Structures are given as C-alpha cells and as structure tokens.
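Here are my notes on the model you sent.

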Amino acid sequence: MKSDLQFLHRFYSLLLNLYPGTYREEYGEELQTVFILSIDDATKTGKFETAKVVLGELISLPMAVFFEHLRERRKAKMIKNFNSRFDFAPGSRKEVLAAVAPFLLFGAIPILVGLSGRLNTRPYFLEELLSMFMLASMISLLTVGFFRSIPRWFMPYLGLPLPILSLYIFNGLVDEWDGYSLPDLSSRFLRGFVQDGLLWGPLIPLILLLVVFSVIIPRFRPFYRQLRNDWTLLSFILYGAAPVMALVWFEGYINYGPFVVLMFLILAAGGWLYLRNDVPWRKFLILIGGMTLSMLTAAVGQAVLYESSQYNSRRPYTNLPWWNTVDQTVIAWMWLVLIMFLPLVINLLPRPRSSLQAGEPVSG
Amino acid sequence: MPVEPLSYLPLTEPTFYILLSLASGRKHGYAILKDVKDLSGERVNLSTSTLYTAVGRLLDQDLIERLDGDDDDPGPGLPRKSYALTELGRRVLEAEMVRLQGMVKEARLRLREDGV
C-alpha cells in the first residue's frame, strides 16, 4: 500500500509537468502537497474512496491544465501587446514623437483657441474639447510612463507639473510666512532675481525628491540607475517644465499665439535633437540651447506685444519701458538654466560599484 | 473606480463555497478543500486541480489574496501559502447571500400562493 501511494505521488508529480512552467513554479509544490494530503485522507476511509479521489484528480486535471495554458497565453499576450506598443527604440521616430508631444500639444492651444474665436458656433466649444483631449492624452501617457518604469521619452511629462507644484509651494510659503517682504534691494533686476528664486527655487527640492523616491521605491530603481548612467535626463525633466512656465510668462498679454507656437516648436526641435544624440555634454548643450532660444522668443514676443499695446492695462507696469516687462522672463531663464545644472552635481556623487557594473541601458 | 460586487454575480456553487470557507479566516488549500466538502454536505467535492483553477481565477479577480505562511506556521506537511478573503471578496459574498435570500423568499411566497 505504501509503495502504491509513493507511485501515485510520483505519478502526480510527473503530471504537474503538463502545467505551464511559471504556474508550476508558483503552485506546483502546493498542488503536490494538497494532492498527497487528499490521498492520505482517502486511504484512511478505504480503497474505494482512494480510487474515487485519484479518478477525480485524473479527470479534472486535463481541463485545469488547458485553462492554465489559456490563462498564461492571455496574460503573456496582454503584457507583450502593452510593452510592444510603448517600447520605443532609443532615438526612434516613435520615441521622439512621444517625448515632444507635450510641446506640440501645448503649442496647438493658441492655434485652436484662435480658430475657435473665428468660428462663430458655440462659445468655448473648441477650448473645452481641446482641454478634455489634452487632459485625457496627458493622463493616459502619465499612466503608461509609470507602468513602463519611467522611460526616457517620459521625462518631459514629469517636468510638466513641476512649475505648478513650485507655484503651490511658493504660495504656501508666502501664506505661512506672515509679513513676507523682499529684501530692500535698490536694483529692480536684483529684487526680481530674488523673487523669482523664491518662485522657481522649489524646483530644486522637487527634483531632489524625485531622485530620492526613485531610490526608495523599488519599482522605480531602474529609473534611478538610468539617471546615474545619463545625468542629462534630469535636465530633460526640467526642460519639460517650460510649456507651463511659458503660459505664466504670457499672462496679461493678448495675441501671443504666434510667439507661443514658435516657442514650442523650438522646444520640440530641442527635444528631438536631444533624443537623437548620444554625447552627454552635447545633449546638455542642446537642452540649454533649446530653452534659451524659446525663452528669447518669449522675451521678444513680450516686448513686441507690449510696444504695440497688446497688453492688459490693469497690470502694474504699464508705464514702464518695454525692457522692464521682459525681465521676468530673462530672470526665469537664468534660474532655469542654473537649476538645469543641478544634475551635474548628482553626477559628481560617488557611484556604487554594482551600478557601474550593471551597465543598465538608457533606453525607452 | 470602485468595483461593483453585483457584477460578479451569480457565483457558481464551488466559488460560493470557497469564498464562504474563507469568510471565517485565512486557510491553506487543503483546509479549503475539506471545508467546501463539509459546507456543501459533501455535494461539492473539489479535486486539487479544480480548486487551484478556481483559486487562480479568484486571485485574478481580487476576491481573495495569497499570503505567506511565515507568521502562521501551518504545520508539517501542510502548504506554506494560505488564502484570505479580500474586502471585495467579502462584499461579493454578501451580495450573493442577499441574492439567494431574495430567490428563496420569492420561491416561498409563490409556493405558499399555490398552496404547496
């Protein structure tokens, strides 16, 4: 009887090989244990009960094996489909398009808003439609990026909410800090520099927080290894902050559409060149160049619009010469470029030996 | 988005008994097998493979969860993993109970009307 039982155990163990490999690894031991316990229990009742249990197992097993193979295939297909859809080769057209999409989408706003003004159908219809489309696209791409453990093309998307968060922090600090006042500086430019430092300075802790999260959360550790291998990725995140910041700079101006479109086209071109390059310093200079050119466009746009009185007169500096209206953009550019150098500091941090040996590819 | 328990109904008899078995606490595979047999008055006699096919499906649906047996040693020769009902699983079981109660109530009323 004991040898019969041992044979049954071994036979069942062989049958378990019919299950898919991953399933066998996960549940094989459990299935075997439960089978042994069932058989042992049945033998206490008698031979008929044992035969009934064995027969029941033999009859149900083929169907169970079939279902598990089916489930495995379905899961593998889902994962493969999902991965292949968003697994863009480095420097490929798809990767570039995914990365520059936020700039192009933001650039499309003024065009569509202008178009909706000309179409005398339903007020705000196009704006509402566009806002919904943009929101849906952003949320979908954000979800995809997080599920794909933050690929390279996803960096500008991470940068998008940073200025908004920075503004929130700034407002929170001002509310908390009762009697907030700027240092008594004679130079208007210097005062603006300090003020903008408070406004955009929170970008530094935000970026550092992002790095800390990528170290702490195991799921995002590949992202941290990517950052260590390519320090320019952090600068690329900050580059993604530009679209939201641009909309802040043009607050109070009217007919700014062409300048914003040009700015975003420059940013998109910078993003394209960045992803097509491999040399870190060249990549960094491309980002700085793209940012500088787009902000220069913003400054020129502000000056032109101000001089042609396309400016909201409720703003306080309407009596000031044009250069006083663009200094905010110039100062913001200075801060942003300064912050974009921050990744260099992270690059100077000592690297763990294992991460150097791992040689994790920097890819999307 | 909250998952609606009603969307899982009606439950098959083995599924209902597996969830019911776990309603009293976490159990390993063999304990579920025996409990289902007892609860159903020996009508539902699951084989090992049928049990684990159902368990796999319930795990996919988040109605149950698989736990490590580290903190609760099952004893020698018993499976190291155990299973427990999730909050969703409990809500689905309760919804099924309400559905079955409604059916029994209607059947009782109809049978009384017919004078059976």
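This is a predicted model: local features need pLDDT of at least 70, side-chain atom pairs count only at pLDDT 80 or more; totals for chains, interfaces and linings use all residues.

1. B:Pro10 sits in the segment before H1 of chain B. The peptide bond that joins B:Leu9 to B:Pro10 is cis, with omega at about -5°. Most peptide bonds are trans.

2. Two residues of chain B deserve a look for their phi values. B:Glu42, in the loop between H2 and helix H3 (48-60) of chain B, has phi near 65°, which is positive in a residue other than glycine. B:Glu42 is exposed, since 9 other C-beta atoms lie within 10 Å and the cut-off for exposed is 12 or fewer.

3. B:Asp62 also has a positive phi, near 65°, and is not glycine. B:Asp62 belongs to the loop between H3 and strand E1 (64-68) of chain B. With 13 C-beta neighbours inside 10 Å, B:Asp62 counts as partly exposed. Most residues other than glycine have a negative phi.

4. In chain B, the axes of helix H1 (residues 13-22) and helix H2 (residues 29-39) come within 9 Å and cross at roughly 115°. H1(B) and H2(B) are therefore roughly perpendicular to each other, and their crossing is right-handed. H1(B) contributes B:Pro14, B:Tyr17, B:Ile18, B:Leu20 and B:Ser21 to the contact, while H2(B) contributes B:Ile32, B:Asp35, B:Val36 and B:Leu39. By class these are seven nonpolar, one polar and one charged.

5. Chain A has 17 helices and zero strands. Of its 364 residues, 30% are buried. Among contacts in chain A with a separation of 6 or more, 74% are between residues 24 or more positions apart.

6. The largest nonpolar core has 59 residues, and those touching the most other members are A:Leu203, A:Ile237, A:Leu238, A:Met263, A:Leu287 and A:Leu336. Helix H13 (residues 257-275) of chain A supplies the largest share of this core, 10 residues. Beyond its neighbours within four places in sequence, A:Leu238 is in contact with A:Gly159, A:Leu203, A:Ile207, A:Leu336, A:Ile339 and A:Met340.

7. What does each chain give to the contact between A and B? Chain A gives 16 residues and chain B gives 15 residues. On the side of chain A, the elements that give two or more residues are helix H2 (21-45) and helix H3 (47-86). That side has eight nonpolar, four polar and four charged residues.

Definitions and conventions
Residues are numbered from 1 along each chain as its sequence is written. Chains are lettered from A and ligands numbered from 1 in the order in which they are written. Two residues are in contact if their C-beta atoms, placed from the backbone, lie within 7 Å. Helices (H or I, at least four residues) and strands (E, at least two) are DSSP runs, numbered from the N terminus. Ala, Val, Leu, Ile, Met, Phe, Trp, Tyr, Cys and Pro count as nonpolar, Asp, Glu, Lys and Arg as charged, and the others, Gly among them, as polar. Axes are lines fitted to C-alpha atoms, for helices over the stretch in contact, and angles run from 0 to 180 degrees between N-to-C directions. Angles under 35 degrees count as roughly parallel, over 145 as roughly antiparallel, 65 to 115 as roughly perpendicular and the rest as oblique. A crossing is left-handed if the near helix is turned anticlockwise from the far one by less than a right angle, and right-handed if clockwise. A residue is buried if 20 or more other C-beta atoms lie within 10 Å of its own, exposed if 12 or fewer, and partly exposed in between; C-beta atoms are placed from the backbone. A nonpolar core is a set of buried Ala, Val, Leu, Ile, Met, Phe, Trp, Tyr and Cys residues joined through C-beta atoms within 7 Å.
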